[in-house]
Protein chains: 2
Amino acid sequence: MDEKLISKAVIRRLPRYYRYLGELLDDGVERISSGELSKRMKVTASQIRQDLNNFGGFGQQGYGYNVRYLYNEIGKILGLNRTHDMIIIGAGNLGQALANYRSFDSSGFKTVALFDVNPDIKGKKIRGIEIHMIDELPEFIKDNHVEIAALTLPKSEAVHVAEILVENGVRAIWNFAHTDLNLLLPEDVVVENVHLSESLMRLSYNLTTKEIENSEKDDK
Amino acid sequence: MDEKLISKAVIRRLPRYYRYLGELLDDGVERISSGELSKRMKVTASQIRQDLNNFGGFGQQGYGYNVRYLYNEIGKILGLNRTHDMIIIGAGNLGQALANYRSFDSSGFKTVALFDVNPDIKGKKIRGIEIHMIDELPEFIKDNHVEIAALTLPKSEAVHVAEILVENGVRAIWNFAHTDLNLLLPEDVVVENVHLSESLMRLSYNLTTKEIENSEKDDK
């Protein structure tokens, strides 16, 4: 299995396969054909076979995929077979929302601390996870094995905080600030940007396009 | 301008162009060449020309792009030249975080109400926006022009609420629940799924891959 040869497009699709396989497991399904999976996911069966063949030997002709095996193998590829300690910087509504997501825990993403600048919420706990002050950040990282930092901060502060994180050895940033942090940080730092307003704009585009289509239909 | 011929990949990139052009406007930049934009966005200049040529006639040889014109045109394509009234269903941390995003307002997405099942927060206001009880939802939609509904609910409730929305005429759903709502709703309903845990898994994948690369380098 040479992971480096897997295309980015396939990687982008893996978490979705992982989710559907997890649901199948929850439903007690042990085996599934590419045809059946295709119906559930609304992806062609040939796309599914092509995607999953990247990892070699999961499917067996006339037998289908072993759901648990496939789930575990994709989990390993996604790095979900071990725990990743995560901190959240910015304990506003969004930061607290992330700290409250129990499903992250079950995928191995364990939030160990939140950080904020607001002294009023110092020491407060979200689902048992303490809010620290941001000036404690460098020491906390040195004393704890922090792998991932989620940034739920305004753009104006995100760049500075990201630099502190990187200086102190954090190598993965989950960025919710409205800026492309990956362009500003060293190449060996992994950044995943979540730009919510861009997602909303795509929705708006699709809505607008659909309205135009419908009004053209009405004209006929 | 035939919008239907624009590829999905280009559409996905438009909000990012829009963001960079907005920043240029804020910085007082009136004109920019594809080469300069390329440096800022870390996208090749030829990719930029190819993408923006879809909309015809924005760039002029030796002159560059008129930033405001391009910003406005892309805004129109994305449907940002008018206001979209939005409701948020689920007034937990994530719902409140979305209600607090001022930048959505400036892009024309105006949150007019939140809905929840928790009677303790009934009538509470987030940035002046009232939290209603979920049973008021059908009537609220009838009395107000609601275009977009953001769903920040558990998966178990999201499907049922989405059906109520669609029955009452909402045609765009911004879905944060951990399920592919688009597969369950009529085709004329526009759905944008935001799957945060999948984003986190991509981060984890990239981190894991980078670690493998680095350990291989160390072995040499």
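Student: What should I know before we start?

Tutor: This is a predicted model, where local features need pLDDT of at least 70, side-chain atom pairs count only at pLDDT 80 or more, and totals for chains, interfaces and linings use all residues. Residues are numbered from 1 along each chain as its sequence is written, while chains are lettered from A and ligands numbered from 1 in the order in which they are written.

Student: In what order do the strands of the sheet in chain B come?

Tutor: First the terms: helices (H or I, at least four residues) and strands (E, at least two) are DSSP runs numbered from the N terminus, and two strands pair if DSSP finds at least two bridges between them. In chain B, 7 strands make an open sheet in the order 6-7-5-4-8-9-10, with mixed pairing. Its edge strands are strand 6 (125–126) and strand 10 of chain B, each pairing on one side only.

Student: How does strand 6 of chain B run relative to strand 7 of chain B, parallel or antiparallel?

Tutor: Strand 6 and strand 7 (residues 129–133) of chain B run antiparallel, joined by 2 bridges. Look for B:Lys125, which stands opposite B:Glu130 in strand 7 of chain B.

Student: Which strands are joined to strand 9 of chain B?

Tutor: Strand 8 (residues 148–151) of chain B runs parallel to strand 9 of chain B, with 4 bridges between them. Strand 10 (residues 190–193) of chain B is also parallel to strand 9 of chain B and is joined to it by 4 bridges. You can follow this at B:Trp174: B:Ala150 stands opposite B:Trp174, and in strand 10 of chain B the bridge partner of B:Trp174 is B:Glu192.

Student: Are the faces of strand 9 of chain B covered or uncovered?

Tutor: A residue is buried if 20 or more other C-beta atoms lie within 10 Å of its own, exposed if 12 or fewer, and partly exposed in between, with C-beta atoms placed from the backbone. Both faces of strand 9 (residues 172–175) of chain B are covered: B:Ala172 and B:Trp174 are buried on one side, as are B:Ile173 and B:Asn175 on the other.

Student: What unit do strand 8, helix 8 and strand 9 of chain B make?

Tutor: A crossover is right-handed if, with the strands pointing away from the viewer, the path from the first strand over the helix to the second runs clockwise. Strand 8, helix 8 (residues 155–167) and strand 9 of chain B make a right-handed β-α-β unit.

Student: How do I read a phi value in a loop?

Tutor: Most residues other than glycine have a negative phi. A:Arg127, however, has a positive phi near 50 degrees, and lies in the loop between strand 6 (125–126) and strand 7 (129–133) of chain A. A:Arg127 counts as exposed because it has 11 C-beta neighbours inside 10 Å. B:Lys42 has a positive phi of about 55 degrees and sits in the loop between helix 2 (34–41) and helix 3 (45–53) of chain B. B:Lys42 has 9 C-beta neighbours inside 10 Å, so B:Lys42 counts as exposed.

Student: Into which domains is chain A divided?

Tutor: Domain bounds come from an automatic or database domain assignment. Chain A is divided into domain 1 (3–77) and domain 2 (84–198). The centres of these domains of chain A, taken over C-alpha atoms, are separated by 31 Å.
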